[in-house]
Amino acid sequence: MPDTAASAQRGPVAALIRGLRHLWTDTPHPNPLVDQRLARAYILDTRDTPFSAAFVAAMFWITFLVLTGDKGTLVWAVLVHGMQVSMYFHLHGERPEDYPAEEAFRIRRRLETRMLFPGLVWALAPWLFFPSGQLPYILLMYFFISGMTSGSTMATAHWWRAAALFAIPGYLSLSARLIWEGDNLTILMGVLALVQLWSALFYSYKQHRIIVESIEKGFENTRLAQALAHELDQVAALAAQRTRIFAAANHDLRQPMHALSIFVDALSPKTPPAADTLHAMRDSVDALRTSVDALLDIAQFDGDSDKAATDAVALVPLMRSLRSRFEPMAASKGLALRFAVPDVAVRSDGRVLSRLMGNLIDNAIKYTPRGTVMVAVRRATAQGRPAWRLEVRDSGIGIDEQHAEQVFEAFFQLDNPGRDRSRGLGLGLSLVASMARMLGSRIHLRSRPGRGSVFSVTLPAAPVADFAPESAPAPLASAAPRRVLVLDDEEPVRRAMATLLRAWGHDVAVAANPDEAWAHPGQFDLLLGDLRLGSGLSGLSTAQALHGQGKVRRVAILTGETASSHRSEVELAGFALLYKPADAKRLRALLAA
């Protein structure tokens, strides 16, 4: 029981000690700029206070010298004014603009601690010239000291430690001297002085917290304003980029359309078109398809939030395919195309990676007038794990540092202001950047004007045993006559597709909706169906039904929509997917399969 009682007594005492320690303990602010602001404000706000403090102190000691004639007032006058002169020169000797943020807490503590000296000087007044036995003069001293102490405490509430170091000695000294006097009224005044001390400290601490929080919010508002300004700058940059893209796309789409419209207007029912005219019309259509396909690719890769499928991709067969594809192109320019590829594998999407590297090689050959294009694979690390860095090096014209970011923008070309289509569209590197993001990586560029460029992408390594050797693709056989069903709600599309397929020697039936498709007798070798039909009907659902009932043996879905969800739906159904405008080579391959 005694131990329990002692514990109960220690509990409140320990709680009081913890509370006082919490109030007194000062630690660096998480944001050092807050301490820096407080330290600088201390100097700027209190630099001239010694003048007003000297005036109040002079009124105090002169009043009591005249009223009591106590020589102790003169001793106190020397102490207080000497202290004020010292404070004045100290405050004016500080250079707050030079306070570093990392040292601000230590500086602030040093400045606040100096407030103990004026507090001690004012604490000496009741002991140097206390008007003992003269109640009116005692009351006057009480109001002078308590008023001066309370006012200074509130004025220095920004810096609570300074306020406490000034207030505690003054109030405690005044309270002790009043209680020492021994009169009932003075004892009551001494207790009242302690209550005033507690009130002054409590409310000055609350004021201190409010001020610190306002400083914190000020810095937070500044940070948010800077972040907003950065976002606005990015929006402005994107708007400018969009303007450039639209201007370039407008030109690249209108040029082949303009040429094609002229050729169409020149056709006459009376005169068959010349072979050169038909060839030129085909070139215009191919140019238009290239531009549209590139724009669709950008929309597909940038709009696809899902990462590409990650499998073990063997680099040797992938690079062998790229070599056979680009060696004739390099040789025609007199360039050496070299490969240094070890027998390794990476975690990636083989289809996307092949297009990415193909675009980089194509770009390197295009902008290298002489010398070598080198494709190399080197060891690297990615997030602390083994990886391979795929590089395409060239000895071409190089890229200025100021254009290192712009080259990845759609339709941007450094040396093609006239938009010469024979030099490409300026979409290759934009697609490369989008495909790299899709693979969970990014493109790194190192370049020196006149010395060449190095484009690289780093991908996680995959164990060699994870991939199987690829068999050589079978040669494409000639397409035997097939029975084909064309399902599309657009009449011009049905007519054009039927004309093309019949010209290739196939038996073609057309349908505008599911009812017409089911109405055709017999079985079809291939269904070419639009993804979306009129009146909200689903071409994919119709194709699944026709295929499930054996009405069609194989299905290819055509669409102009690039959303990844549509691609996933078609792949999940096990059907081939063609993006409009469909390429004749892809159609021939489907029919020959």
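Buried residues, meaning those under 20% relative accessible area, with exposed being over 50% and partly exposed in between (1.4 Å probe, protein chains only), make up 40% of the 593 residues in this protein. The structure is a predicted model, in which local features need pLDDT of at least 70 and side-chain atom pairs count only at pLDDT 80 or more, while totals for chains, interfaces and linings use all residues. Residues are numbered from 1 along each chain as its sequence is written, and side-chain values use heavy atoms, with hydrogens and water left out.

The secondary structure comes to 18 helices and 12 strands. Helices (H or I, at least four residues) and strands (E, at least two) are DSSP runs, numbered from the N terminus. A contact means heavy atoms within 4.5 Å. Of the contacts with a separation of 6 or more, 73% are between residues 24 or more positions apart.

Let me turn to the helices. The UniProt record, in an unreviewed entry, places the feature "transmembrane region" at residues 111-129, 162-180 and 186-205. UniProt positions are given here in the numbering of this model, feature names are shortened, and annotations may be inferred rather than shown by experiment. Over residues 111-129 the chain is 84% helix and 0% strand, with the end C-alpha atoms 30 Å apart. Over residues 186-205 the chain is 100% helix and 0% strand, and there the end C-alpha atoms are 28 Å apart.

Two packed helices are described by the angle between their axes and the distance between the axes. The axes are lines fitted to C-alpha atoms, for helices over the stretch in contact, and angles run from 0 to 180 degrees between N-to-C directions. At what angle do the axes of α6 and α8 cross? Helix α6 (residues 116-128) and helix α8 (residues 160-181) cross at roughly 10°, and their axes come within 7 Å. That makes α6 roughly parallel to α8. By definition, angles under 35 degrees count as roughly parallel, over 145 as roughly antiparallel, 65 to 115 as roughly perpendicular and the rest as oblique. Residues making this contact include Trp122 and Trp127 of α6 and Phe166 and Arg177 of α8. The residues of the contact of α6 with α8 divide into 12 nonpolar, three polar and one charged. Here Ala, Val, Leu, Ile, Met, Phe, Trp, Tyr, Cys and Pro count as nonpolar, Asp, Glu, Lys and Arg as charged, and the others, Gly among them, as polar.

Helix α6 also packs with helix α7 (residues 135-155), at an angle of about 175° and with the axes 11 Å apart. α6 and α7 are therefore roughly antiparallel to each other. In this contact, Trp122, Ala125 and Pro126 of α6 meet Met141, Ile145 and Met148 of α7. The residues of the contact of α6 with α7 divide into six nonpolar, no polar and no charged.

Strands β6 (residues 443-448) and β7 (residues 452-462) run antiparallel and are joined by six bridges; two strands pair if DSSP finds at least two bridges between them. Isoleucine 443 stands opposite valine 457 in β7. The two strands form a hairpin with three residues between them, and glycine 450 in the turn has a positive phi of about 85°. Glutamine 383, in the loop between β4 (372-382) and β5 (385-394), has a positive phi of about 55° although it is not a glycine. Glutamine 383 is exposed, with a relative accessible area of 84%.

I come now to the open sheet. Its five strands have the order β9-β8-β10-β11-β12, with parallel pairing. The edge strands, each pairing on one side only, are β9 (507-511) and β12 (576-579). Neighbouring strands of this sheet are turned by 20° against each other on average, direction ignored. Strands β10 (residues 524-530) and β11 (residues 552-559) pair over six bridges, and leucine 526 has arginine 554 in β11 as its bridge partner. Helix α16 (residues 539-548) packs on the sheet, touching β8, β10 and β11. Helix α14 (residues 491-503) lies across β8 (483-487), β9, β10 and β11.

Beyond residues up to four places away in sequence, aspartate 530 touches several others, among them Asp488, Asp489 and Lys580. Valine 570, in helix α17 (residues 564-573), counts as buried at 0% relative accessibility.
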